[in-house]
Amino acid sequence: MSELVLNRAAYINNLTKICAKAGGKDRVILVLKDNAYGHGATIVGREAANYGIKFCAVKNETEARELEPFFEHILVLSHIPDGGESERFIYAVNSLSLIAKFKKGARVHIAVDTLMHRNGVAVGEAKAACEAALVHGLQICGAFTHFRSAEELSSDYFVQRRNFDTAKAVVREICGERDLVFHSHNSAATERFGELADECVRVGIAAYGYAQFDESLELKRVASLWAHKVSDRVLKKGQCAGYGAKFCASEDMRVAIYDLGYGDGLLRYVGEGELRTASGQRLLGKMSMDSFCCEDAGEKICVFDDARVWAKFFGTISYDVLTKLSPSINRRWD
Ligand SMILES: *Cc1c(COP(=O)(O)O)cnc(C)c1O
């Protein structure tokens, strides 16, 4: 059976480096959204909690409930308020107009739009948002922003930094200095700038070993994807493999069918261009829903241990390759 094998030592290495950069375990909000970037929320979340991380961020309440056993604080980033908010979670306020829809008493972090123009209240609306939240009886526990291009050497980061400082001052003024949690640095910004005196970091992909900015940090990739052989055969000269006869053997060759396909979340190889598994075999012909064909290399092969290889081939990013991996693939620590 196909499986995603997770390297514990690599994961602990990454957490240790991130915590050192951030200024301590209590300064890290670990982003575990989308099934922990495809690695498996429960298996990864438990390990992170054992390591000493107390705060995580997720996409929605379904994800938050899955991680509830492990974390003291869980921030729900993309919540659409419906009046049923749980007192166990903290919710992002993504727009001024949504404040009245939250349940009274809900704990929130104000998202501030400092340039990205995705979610959040404008810097100029920060005061109105805090006041409206307090009038509505919400507990403001913090505020955050997100960088649109922290991995690029442009002035954007510094513009956003300045805008967020303005917003933080507003939030402090209205809410007082009590226990507010501010955060802005994603993986790239954390690698680049490290600790800030008054902020936590909010790190996702770096924990899985994919540096966005600083290769010298020596993050180690955590996941490797393995497929197992279903069958093998000799493809005779002139015979073609799979749908659409996209690959035809120019001489007799031994091929095998392995048990992973696009139904398992692999990006679909259509039989054009050279894509190789991490074990070195060339994929042959169009990928099927539950399998692909390649040169026979024994009972089990490593499909990838670096999502960037597939990301590059398909013109996308490692995040995309990883988060697509089906939750039904078995996941285990090595
Ligand atoms: C996904 C996400 C992150 C994590 O980004 P990485 O680049 O994986 O570190 C942080 N903050 C927000 C709001 C996100 O949506």
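Colleague: Hi! What should I know about this model before I start?

Modeller: Hello! The model is predicted, with local features needing pLDDT of at least 70 and side-chain atom pairs counting only at pLDDT 80 or more, while totals for chains, interfaces and linings use all residues. Residues are numbered from 1 along each chain as its sequence is written, and side-chain values use heavy atoms, leaving out hydrogens and water.

Colleague: Great. How many helices and strands does the protein chain have?

Modeller: The protein chain has nine helices and 17 strands. Both are DSSP runs, numbered from the N terminus: helices are H or I with at least four residues, strands are E with at least two. Along its principal axes, the C-alpha trace spans about 75 × 40 × 35 Å.

Colleague: And what share of the residues count as buried?

Modeller: Of the 334 residues, 53% count as buried. Buried means under 20% relative accessible area, exposed means over 50%, and partly exposed is in between, using a 1.4 Å probe and protein chains only.

Colleague: Which domains are assigned?

Modeller: Domain 1 covers 8-208 and domain 2 covers 223-305; such bounds come from an automatic or database domain assignment. The C-alpha centres of domain 1 and domain 2 lie 41 Å apart.

Colleague: Let's go to the ligand. Which residues surround the ligand?

Modeller: The ligand is surrounded by Val31, Lys33, Tyr37, Arg118, His146, Asn186, Ser187, Arg202, Val203, Gly204, Ile205 and Tyr319. A residue is listed if one of its heavy atoms lies within 4 Å of the molecule.

Colleague: Which polar side-chain atoms lie by an oxygen atom of the ligand?

Modeller: Lysine 33 has a polar side-chain atom 2.6 Å from a ligand oxygen, and tyrosine 37 has one at 2.5 Å from a ligand oxygen. For arginine 118, a side-chain N or O atom is 3.5 Å from an oxygen of the ligand. A polar contact is a pair of N or O atoms within 3.5 Å; within protein, one must be able to donate a hydrogen and the other to accept it, and residues adjacent in sequence count only if both atoms are side-chain atoms.

Colleague: How much of the ligand's own accessible area does the protein cover?

Modeller: The protein covers 90% of the 390 Å² that the ligand has on its own. Accessible areas come from the Shrake-Rupley method with a 1.4 Å probe, and for residues only the protein chains shown count as cover.

Colleague: Back to tyrosine 37. Where does tyrosine 37 lie?

Modeller: Tyrosine 37 lies in helix α2, residues 33-37. Its phi is positive, about 50 degrees, although tyrosine 37 is not a glycine. Tyrosine 37 counts as buried, at 5% relative accessibility.

Colleague: What about glutamate 218, buried or exposed?

Modeller: Glutamate 218 is exposed, with a relative accessible area of 53%. Glutamate 218 sits in the loop between β10 (200-203) and β11 (223-235), and its phi is also a positive value, near 55 degrees.

Colleague: New topic: which residues are buried in helix α5?

Modeller: In α5, residues 126-135, those are Ala126, Ala129, Cys130 and Ala133. Seen down the axis, they fall within an arc of 95 degrees, so they line one face of the helix. The arc is that of the directions from the helix axis to the C-beta atoms.

Colleague: Why would they line up like that?

Modeller: An α-helix has 3.6 residues a turn, so residues three or four places apart point the same way.

Colleague: What covers the buried residues of α5?

Modeller: The cover includes β7 (121-122), β8 (139-144) and α6 (156-175). Contact here means heavy atoms within 4.5 Å.

Colleague: And in the loop between β8 and α6, where threonine 145 lies, what does threonine 145 touch?

Modeller: Not counting residues up to four places away in sequence, threonine 145 touches Val112, Thr114, Gln160, Phe164, His183, Ser184 and Arg202. Threonine 145 is buried, with a relative accessible area of 1%. A polar atom of its side chain lies 2.6 Å from the backbone oxygen of valine 112. Threonine 145 and valine 112 are 33 residues apart in sequence, yet 5.0 Å apart in space, C-alpha to C-alpha.

Colleague: Last one: what happens at the start of α8?

Modeller: There, a side-chain oxygen of aspartate 306 reaches to within 2.9 Å of the backbone nitrogen of arginine 308. After α8 comes glycine 315, with a positive phi near 70 degrees.
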